[in-house]
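Dear colleague,

I am handing over the structure below, and after it you will find an account of what was found in it. Please read the account with the structure open beside you.

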Amino acid sequence: MAETKRKRREADSNISDYAIYLEDVSKTFSDGVPALSNINLKVKHGEFVFIVGVSGAGKSTLIKLLLRELKADSGNIFVNGFNLMTIKHGRIPKFRRTLGVVFQDFRLLKDRNVYENVAFAQRIAQKSEREIRRNVPSMLSLVGLAGKYKAKPKQLAGGEQQRVALARALVNQPKLLLADEPTGNLDLYNTAEIMKLLETINENGTTVVVVTHNDKLVNDMKKRVVTIKQGMIVSDAENGGYFDED
Amino acid sequence: MKIRTFFYTIEQGVIGVFKNKWFTVATVATISACLFVFGIFYAIAFNVANIVRNAEQNVSVTVFFDEGISEERIEEIGEIIGRRSEVARYELITAEEAWEKFSEQLGEYAQGFTENPLENCANYQIYLSDVTMQSQLVNYLEGVEGIRKINKSDFTADTLSGINMVLVYVFVGIIVILFAVSIFLINNTVTMGISVRKEEITIMKYIGATDFFVRAPFVFEAMLIGLIGAAIPMGLLYYLYELATDFISEKFAFLSFLTFVPAWDIFIYLIPFSLCIGVGIGFVGSFFTVRKHLRV
């Protein structure tokens, strides 16, 4: 009993070093198709990691597990210290506030302007109006959209919408930023701009995990690259590159 | 709930009503149409029940006394009758009053009588609070000392109580069906309106909103729409009811039995009931629909 507790304490202290800690994680869909098999992945605080793979490799499932949109069938998942295998439904919002999330399709609230979209994340975090008035403009300045705070999403170009999404993801100062194909809908110029922003964010201390199948982007950045193929991690390389076999 | 969350909920709920115009219009129209039809049947049922009740109150039982009965005993019998729960009111018709009334019908033929031929026809006219209790009262009165004869109309009493029962079943049936259809239609509209905003709910959940924070503005919005949807038909019905009853009373004045319940007597129950239905359906419909989309 004491031995088990000691091991758990050791494991816990170990886990706290990581923003993401996945151990033997498997997920099978209800139709019996395996999505992920025995995934082991550890991402330390402050790292910048690419997760790459072709369509259907399991990248999106992995993101959903990290967001606790899905629950794994087996294994252990710790994100920012939260045990996602045992977390109660009522605690999930608190966990998600430690994350910033960016999607390929931006997922902005279409009926609210740029300011309100970013302020919304602050309102959810129960920030006061004074804090919101202070934090939102500075975050919009960081992503280069201070002058467009009144614009509605549909009045913005794709790159600008993604910047808004980034500002919203970062305004609550998350420990971890998950970006799912953040440049998938952007041209080369905007892709480079967004990646520059992500690097800056990472340099400021936020762990950044980018899921993508953009090989050029990955190869240019020279960061850690985790490759998933058919639901399994097939390589995990520092300063790695992306070789699309298909 | 923090004060700013409360105000945020109210603000977003009100904004939602105007932001999703088509959803608001469709839901308000559905709720209004359902409650309007429901209100019409309720008002008709209330009035028909009132007409039957009035007819029942005119059904009387007549009690005649033994010959040579003392005035004290007649008074005692009156007190006995007055204590009965089946009795709404009763009145003594003396022999003189009975003859006076009858001679009016006889006209000039009445002049041939030198004495009151209805000397032994003093009686109590008893009006019932419930016609179905007529035979129970008659059975009791037959055993009372000093009563010679009891006149009653079994046909009228049975017919009215039969009509009353049929009306109760018919109207309760119609109102229950209308009510169920209303809930189904309104709930469907609320469900559709919220389902198209699934993406909005999903985004909120990804950012870390609690179920309450996501749900509260939607629920408040649906309750507000329910309230508006219920208030419109009530206002309209109140106005139309007064218009219709005035018109019918004027055009069909010869139908003396056609008396209408004052609008306020009906709407004092119908208005709060309908408003509660509107708000309640808004609450229940949105609460469960949003819950379906909260599992993100």
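Predicted model: local features only at pLDDT ≥ 70, side-chain atom pairs only at ≥ 80, totals over all residues.

In chain A, strand β3 (residues 48-52) and strand β9 (residues 224-229) pair in the parallel sense over 4 bridges, where two strands pair if DSSP finds at least two bridges between them, and where helices (H or I, at least four residues) and strands (E, at least two) are DSSP runs numbered from the N terminus. Within β9(A), A:V226 is the bridge partner of A:I51.

Residues are numbered from 1 along each chain as its sequence is written, while chains are lettered from A and ligands numbered from 1 in the order in which they are written.

The β3-β9 pair of chain A belongs to an open sheet of 6 strands, which has the order β6-β7-β8-β3-β9-β10 (chain A) and mixed pairing. Because β6 (99-103) and β10 (232-237) of chain A stand at the edges, each with a single partner strand, one side of each is left without a neighbour in the sheet. From one strand to the next, the twist in this sheet averages 15°; axes here are lines fitted to C-alpha atoms, for helices over the stretch in contact, and angles run from 0 to 180 degrees between N-to-C directions. Helix α6 (residues 158-170) of chain A packs on the sheet, touching β6 and β7 (176-180) of chain A, and its direction makes about 165° with that of β6(A). Helix α7 (residues 188-203) of chain A also packs on the sheet, touching β3, β7 and β8 (207-212) of chain A, with a direction at about 150° to that of β8(A).

Turning to chain B, there are 9 helices and 4 strands, and from the N terminus on they run α-α-β-α-β-α-β-α-β-α-α-α-α. The 4 strands form an open sheet with antiparallel pairing, in the order β2-β3-β1-β4 (chain B). Its edge strands are β2 (87-93) and β4 (147-151) of chain B, each of which pairs on one side only, and the twist averages 20° from one strand to the next. Strand β2(B) is joined by 6 bridges to strand β3 (residues 123-128) of chain B, the two running antiparallel, and B:E91 stands opposite B:Q125 in β3(B). Helix α3 (residues 71-82) of chain B packs on this sheet, touching β1 (60-65), β2, β3 and β4 of chain B, and its direction makes about 165° with that of β2(B).

The contact between the chains takes 15 residues from chain A and 12 residues from chain B, two residues being in contact if their C-beta atoms, placed from the backbone, lie within 7 Å. On the side of chain A that touches chain B, α3 (92-96) and α4 (114-124) of chain A each supply at least two residues, and α4(A) gives the most, with 4 residues.

As to confidence, chain B averages a pLDDT (the predictor's confidence in each residue, from 0 to 100) of 83, and 97% of the residues score at least 70. Within chain B, confidence is lowest in helix α6 (residues 154-195), at a mean of 75, and highest in helix α8 (residues 211-251), at 91. The model scores ipTM 0.81 and pTM 0.68.

With best regards
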